[in-house]
Amino acid sequence: MKILVALAFLAIIASLGSALFFMMRGSGNDKERGQRMVRALALRVGLSIVLFLCLLLAWKLGYIQPTGLPAGAH
């Protein structure tokens, strides 16, 4: 599970990096460059939502357990 989460984070960072690349150096006119940047950012948002939903599902199915402070701890 840790490997899948790490790969998802890497994909999100790669998508963010590609949007930065298209913003700074994209080839073609401004409209084409803007469309490529928006597509990369939309992919990043989609990947983030899918990762969040997968983590919720894994928690619900018992594949992962929450850790941290107990509810009554001060």
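Me: How many residues does helix α1 have, and how far does it reach from its first C-alpha to its last?
Reply: Helix α1 covers residues 2–25, which is 24 residues, and it reaches 34 Å from its first C-alpha to its last. That is close to the 34 Å expected at 1.5 Å a residue, where the expected span is 1.5 Å times one less than the number of residues. Helices here are DSSP runs (H or I, at least four residues), numbered from the N terminus.

Me: What kind of model is this, and how are residues numbered?
Reply: This is a predicted model, in which local features need pLDDT of at least 70, side-chain atom pairs count only at pLDDT 80 or more, and totals for chains, interfaces and linings use all residues. Residues are numbered from 1 along each chain as its sequence is written, and side-chain values use heavy atoms, with hydrogens and water left out.

Me: Which residues of α1 are buried?
Reply: Val5, Ile12, Ser15, Ala19 and Phe22 are buried in α1. Buried means under 20% relative accessible area, exposed over 50%, and partly exposed in between (1.4 Å probe, protein chains only).

Me: What do they pack against?
Reply: The buried residues of α1 pack against α2, residues 30–61.

Me: Let us take serine 15. Why does it count as buried?
Reply: Serine 15 counts as buried because its relative accessible area is 5%.

Me: Which residues does serine 15 touch?
Reply: Leaving out residues up to four places away in sequence, serine 15 touches Ala40, Leu43 and Arg44; contact means heavy atoms within 4.5 Å.

Me: Now α2. How far does that one reach, and which of its residues are buried?
Reply: α2 has 32 residues and reaches 46 Å from its first C-alpha to its last, close to the 46 Å expected. Its buried residues are Ala40, Leu51 and Ala58, and what covers them includes α1.

Me: And leucine 47: where is it found, and what does it touch?
Reply: Leucine 47 is found in helix α2. Leucine 47 touches Ala11 and Ile12, not counting residues up to four places away in sequence. Leucine 47 is partly exposed, because its relative accessible area is 29%.

Me: How many residues apart are leucine 47 and serine 15 in sequence?
Reply: Leucine 47 and serine 15 are 32 residues apart in sequence and 9.1 Å apart in space, C-alpha to C-alpha.

Me: What happens just after α2?
Reply: Just after α2, glycine 62 takes a positive phi of about 90°.

How values were computed. Helices (H or I, at least four residues) and strands (E, at least two) are DSSP runs, numbered from the N terminus.
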